[in-house]
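Have the model open while you go through them.

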Amino acid sequence: MRRCGNMGKTDTHIHTNYSGYNTKVGALRFPESVIDPSVQVDNARKNGVDVLCITDHNEVQGGFAAERYAKRYDDIEIVVGDEVMTDQGEVIGLWLTEKPKKFLTPEETVDIIHEQGGLAIAPHPFSVHVDGMQEKIFELPLEGFEVINGGHPDPYSNYFAKRVMDLYPGRWAETSGSDAHSICTTNYNWTEFPGTTADDLRKAILNKTTVGMGVPAPVLGQFQWSYEVVWGGQKLMYQALRRKLEPVPGNELIAKCLRNTDMKNITGIIMGFVYDVPFTGMLATLISTATLKRRAKKALKHIDERIAKVQKLIADIDSKKFLALTGKDVGPLKEAAAEVELPRVITH
Ligand SMILES: [Fe+2]
């Protein structure tokens, strides 16, 4: 798939090795990503990306590292972001200057993002398997939400998001982010915007003129990523054992390997081989993909009911906002908010 005309290309959701670690299989904790920010920048340039938004989990230092590295090139700009965990799911802040605290309420987090001059985007809002904010997004002054998330190959999560987006044209900016934790899951999907610079992207998000493009990454890419993090984690633990690993400010993954006792690092390396050798990783990826698809199929059966509830919810939210703005109580709205004049007076 190629981009059209004079539109710029951005990936609004991508990770580096500043994203820490997570639990992937039972009690085993693996890195979220082992990709250096410079590698994501080089890969993005190869893919013709004009603006790359680095959105590590609860961290902005990966974005700053990418920004420093990218200064040597004039064909790419970096937006420093953060995929922040709130107490009700994740929200992405773009154009940040420092990391917001995690586990605050979504309202508090979005306020902090805006106070920094940033823009707030909901990643994978209707995910059937990760921490999306679901209907909570309608109560927040978000600039946009993802209609395509590269880590969601299921038939529900992205489809539902796109259906909601299309019901309310001009209300939110649509984005398509790879959510890539590896370079092998990049460039299957991206966001297009009028112009080519980070400023143009910001204007496009505010003007709601962004366009989500592409499709989620194939399962093979997720499988490659799972092996990459296991091997990468083993390498870091081995370097820590040999006292050859240096701390990097803001890089929690490296800090964790340095904090581990030698015994813990040795156990981690051995468990990594258990994951690699008998193809446990392949099996785990196939099982989780099948589970995800089953869940999505179940959710698809009730999709029209959920859309109707969303329309009612938004209509109610809008009538409350209208009352607060004008002092006029128009009562609960019976029709879909998209079909009445009311939402046009509501701005975020
Ligand atoms: Fe993510």
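1. Tyr227, Val230, Gly233, Gln234, Met237, Tyr238, Ala240 and Leu241 of H6 touch Asp262, Asn265, Ile266, Gly268, Ile269, Gly272, Tyr275 and Asp276 of H8; contact here is C-beta atoms, placed from the backbone, within 7 Å. Sorted by class, that is nine nonpolar, five polar and two charged residues (Ala, Val, Leu, Ile, Met, Phe, Trp, Tyr, Cys and Pro are nonpolar, Asp, Glu, Lys and Arg charged, the others, Gly among them, polar).

2. Bear in mind that this is a predicted model: local features need pLDDT of at least 70, side-chain atom pairs count only at pLDDT 80 or more, and totals for chains, interfaces and linings use all residues. Residue numbers start from 1 along each chain as its sequence is written.

3. The axes of H6 (residues 219-241) and H8 (residues 262-276) come within 9 Å and cross at roughly 155°. H6 is therefore roughly antiparallel to H8 (the cut-off is over 145 degrees, with angles from 0 to 180 degrees between N-to-C directions).

4. What about H4 (residues 157-167)? Ser157, Asn158, Phe160, Ala161, Val164 and Met165 are buried there (20 or more other C-beta atoms within 10 Å of a residue's own). Down the axis of H4 they fall within an arc of 165°, so they line one face of the helix. They pack against strands E8 (144-149) and E9 (173-177) and helices H9 (280-300) and H10 (303-326).

Note on methods: A residue is buried if 20 or more other C-beta atoms lie within 10 Å of its own, exposed if 12 or fewer, and partly exposed in between; C-beta atoms are placed from the backbone. Helices (H or I, at least four residues) and strands (E, at least two) are DSSP runs, numbered from the N terminus. The arc is that of the directions from the helix axis to the C-beta atoms. Two residues are in contact if their C-beta atoms, placed from the backbone, lie within 7 Å. Angles under 35 degrees count as roughly parallel, over 145 as roughly antiparallel, 65 to 115 as roughly perpendicular and the rest as oblique.
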